[in-house]
Amino acid sequence: MPAANFTDDEHQRFHWIKQHRAAKKSTKHPRNRKVADTRRKESVAPTIARDLDILALDAYGTSWMERWQGMFKTFDISHLRSPMFFHVDPSERDGLLSYAYANGRSDELRELHGCVGKELSKHQRKKREKMGREQQNNPTIDERERKDYYVPSTPLFFSHCDCLVDRYKLDDTILSQEQVEDIRYDYVREYSDEEKLFCVKTNKGCHYGKIVVLAIGGNAPQIPCPLSTEETEGATHAMHIKTFPPPYMQSKMASKARTNLLIVGGGLTSAQIADLAIRRGINKVFLIMRGPLKIKHFDLGLEWVGKFRNIEHAIFWNSNSPEERCKKVMEARNGGSITPYYKKILEKHISSGRLDMLLHTTIDEKKWNPMLKTWTVSLKGEREDLPPINHIYFATGVGTNFECLPCLQSMCRDYPIENCSGFPCITEKMSWRHDVPLFVAGRFAALQLGPGAHNLIGARIGADRIAWSIQEMLGKEENSDQSNWGQDRFNYLTGRGSRYNALADVSYLADD
Ligand SMILES: Cc1cc2nc3c(=O)[nH]c(=O)nc-3n(C[C@H](O)[C@H](O)[C@H](O)COP(=O)(O)OP(=O)(O)OC[C@H]3O[C@@H](n4cnc5c(N)ncnc54)[C@H](O)[C@@H]3O)c2cc1C
């Protein structure tokens with residue numbers, strides 16, 4: 001059960017994997033400690049990668065995570081939102097933490113106040129609630145996990161990612177900047193009449209492959225209300241910001257004219273844009289959200305990361321239907337929220353009069369004047385009118401509906417799968433279907449990964465599970481070392497089913 005990824009069992013599991021690989025490689029020199037040690041270091045490098053012909057396609061850039069870097073720079077984000085064990089190092093749960101200490105960069109960690117303390121189980125919390133005791137700000141993370149509840153600085157996180165790129169020799173040559181337009185899975189006469197291949201069509205050509213992994217985040221960002229061509233000048237989706245604020249506003253600011261900004265959205269990005277706008281000198285910012293202001297350290301509840309997380313994961317894993325799992329994902333994420341850290345920043349701006357935050361409020365009507373480059377906006381909610389607005393930013397996130405993705409139209413037609421509220425019902429091995437090795441990572445894999453799928457933790461666990469599935473698939477195909485990669489062992493290593501099943505069959509140990 002993937003819940004094990006978060007427990008102490010995880011350490012045991014990875015230790016077991018490492019030990020197993022190291023032992024396997026060093027059998028020729030069992031007494032030669034030096035050789036064994038070097039090999040253990042090697043053991044973190046992927047064993048199958050050398051034989052695989054891998055190509056990564058990214059519409060956005062020519063280096064890894066360029067889109068992320070771009071967004072963090074645009075929003076001037078100094079620290080990540082997620083705790084220390086949310087990172088992309090597959091070999092070590094504490095990889096980012098140890099990287100920070102090993103490189104003398106522990107001063108780049110910022111403590112998350114109010115998370116750690118005496119932890120209460122859901123049962124204990126409910127009991128207290130029944131007794132009428134206040135629960136709101138109770139810490140939910142056990143003291144012994146305090147070290148995890150820091151957030152890394154943005155430069156530290158990216159240095160760690162660079163270090164992984166070096167470790168796994170993922171230089172930019174395997175990355176190509178191409179927009180995937182279509183994916184088909186069929187027989188390709190030039191290659192084989194017996195085996196189907198993927199044909200991945202991009203804006204630059206066509207690539208063939210046995211296996212495709214889809215890690216495309218969510219749907220394309222869309223402004224929730226339709227805009228005319230003229231109006232697009234006056235409004236931007238947060239994910240499409242290139243220059244902040246837009247050039248025509250910068251000119252106004254340069255001429256010392258008064259500037260007003262409207263931001264729509266109740267998530268962290270809206271708070272970050274509001275803070276940035278004020279720091280850049282915009283006179284007044286209006287931040288509106290359709291619901292209440294939600295304050296959370298992470299975008300999923302602490303019960304999914306704290307000591308009692310296994311309860312939530314177990315419920316998720318035991319859900320009988322995709323609908324139940326989907327409901328769990330929605331409940332755990334519960335829309336946009338901001339961190340206590342940013343709440344303080346916003347409060348400071350509110351008290352200085354530079355920010356108005358309007359809850360339970362939506363845009364009623366808006367009219368763009370292209371000559372003056374201002375909006376006349378009326379609202380529904382806490383307040384009805386606004387002064388002329390120079391620009392509207394929509395920090396409304398991205399949608400999740402795989403059937404609307406242009407690049408998946410052929411797959412949806414030729415190999416239809418169930419759609420549960422926009423999430424594809426992929427297999428437990430993370431593939432599109434058992435007979436279609438199109439693996440799905442990231443938020444579209446939420447029905448297999450749980451609510452963390454949208455975050456770095458989901459990216460890591462998803463990658464881990466997909467790598468095992470691919471390794472199993474290739475192992476089977478090449479009929480190599482079949483006995484070593486039996487189902488029990490695969491389940492053990494990927495943390496599925498009862499991990500003790502594998503121990504019933506110890507015959508393979510004799511080979512190692
Ligand atoms: C401002 C911001 C801050 C965040 N901070 C955190 C944080 O602190 N911690 C955390 O855990 N999560 C954070 N997140 C969530 C973060 O988005 C995810 O953790 C992570 O990016 C998920 O990775 P991914 O690979 O699934 O998707 P993405 O990072 O969205 O990557 C998808 C990639 O696919 C490419 N792509 C999409 N469609 C195509 C196509 N058709 N053809 C070719 N390429 C395509 C895109 O260009 C992009 O590079 C943050 C998100 C934002 C927006």
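Biologist: In which strand is Pro437 found?

Modeller: This is a predicted model, and the strand in question covers residues 436-440. Pro437 falls in that range, so the strand is β19.

Biologist: Is Pro437 buried or exposed?

Modeller: The relative accessibility of Pro437 is 8%. Buried means under 20%. Pro437 therefore counts as buried.

Biologist: Which residues does Pro437 touch, not counting residues up to four places away in sequence?

Modeller: A contact here means heavy atoms within 4.5 Å. With residues up to four places away in sequence not counted, Pro437 touches Tyr185, Phe198, Lys210, Ile211, Val212 and Met473.

Biologist: How far apart in space are Pro437 and Ile470, C-alpha to C-alpha?

Modeller: In sequence, Pro437 and Ile470 are 33 residues apart. In space, the C-alpha to C-alpha value is 8.4 Å.

Biologist: Which residues of α11 make the contact with α8, and how do the residues of the contact divide?

Modeller: From α8, the contact is made by Leu268, Ala271, Gln272, Ala274, Asp275 and Ile278. From α11, Tyr342, Ile345, Leu346 and His349 take part. The residues of both helices together divide into seven nonpolar, two polar and one charged.

Biologist: What is the handedness of the crossing of α8 and α11?

Modeller: Handedness describes how the two helices cross. For α8 and α11, the crossing is left-handed.

Biologist: Which are the edge strands of the open sheet of five strands?

Modeller: The strand order is β9-β15-β10-β11-β12, with parallel pairing. An edge strand of this sheet pairs on one side only. The edge strands are β9 (235-237) and β12 (355-358).

Biologist: What is the bridge partner of Val264 in β15?

Modeller: Strand β10 (residues 260-264) and strand β15 (residues 391-394) run parallel and are joined by four bridges. Val264 has its bridge partner in β15, and that residue is Phe394.

Biologist: At what angle does α11 run to β12?

Modeller: Helix α11 lies across β11 (284-288) and β12. Its angle to β12 is about 115 degrees.

Key. Residues are numbered from 1 along each chain as its sequence is written. This is a predicted model: local features need pLDDT of at least 70, side-chain atom pairs count only at pLDDT 80 or more; totals for chains, interfaces and linings use all residues. Side-chain values use heavy atoms; hydrogens and water are left out. Buried means under 20% relative accessible area, exposed over 50%, partly exposed in between (1.4 Å probe, protein chains only). A crossing is left-handed if the near helix is turned anticlockwise from the far one by less than a right angle, and right-handed if clockwise. Ala, Val, Leu, Ile, Met, Phe, Trp, Tyr, Cys and Pro count as nonpolar, Asp, Glu, Lys and Arg as charged, and the others, Gly among them, as polar. Two strands pair if DSSP finds at least two bridges between them. Axes are lines fitted to C-alpha atoms, for helices over the stretch in contact, and angles run from 0 to 180 degrees between N-to-C directions.
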